[in-house]
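Load the model and keep the sequence alongside.

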Amino acid sequence: MDKRRKRKKAAELPYRTKQRALIVDYLSNKEGKKAPAAQIIRDLSTLDKRFTKISFYRLFAERRYFEKEGNVRIAVKLME
């Protein structure tokens, strides 16, 4: 039996880029450039049906753009 080949991602999905840009804009307008993750998700998830909790947490995990603070209640801070 042959193994399945992994699909290589050529480029990032356009809605993911839009979602990251919205988060960066949202955090840059906040005082201290940080906000609770739940609040960000609540405020921005209504803008597109593809913006799910999982997609937000995957973006929050990217260390190039965001920094997580806390263990139970996660606050997301914009990297400088």
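This is a predicted model: local features need pLDDT of at least 70, side-chain atom pairs count only at pLDDT 80 or more; totals for chains, interfaces and linings use all residues.

Residues are numbered from 1 along each chain as its sequence is written, and side-chain values use heavy atoms, with hydrogens and water left out.

Start with helix H2 (residues 37-44) and helix H3 (residues 53-60). Helices are DSSP runs of H or I with at least four residues, strands are E runs with at least two, and both are numbered from the N terminus. The axes of H2 and H3 come within 10 Å and cross at roughly 130°. Ala37, Ile40, Ile41 and Leu44 of H2 make the contact with Lys53, Phe56, Tyr57 and Phe60 of H3. Contact means heavy atoms within 4.5 Å.

Now the core. The largest nonpolar core has 17 residues. Such a core joins buried Ala, Val, Leu, Ile, Met, Phe, Trp, Tyr and Cys residues through side-chain atoms within 4.5 Å. Those with the most contacts inside it are Ile23, Leu27, Ile40, Phe56, Phe60, Phe66 and Val76. H1, H2, H3 and strand S3 (75-78) each supply at least two residues of this core. Beyond four places in sequence, Phe56 touches Gln19, Ile23, Ile40, Ile41, Leu44, Ser45 and Phe51.

Is Arg20 buried or exposed? Arg20 lies in helix H1 (residues 14-29). Arg20 is buried, at 7% relative accessible area. Buried means under 20%, exposed over 50%, and partly exposed in between, with a 1.4 Å probe and protein chains only.

Note on methods:
Axes are lines fitted to C-alpha atoms, for helices over the stretch in contact, and angles run from 0 to 180 degrees between N-to-C directions.
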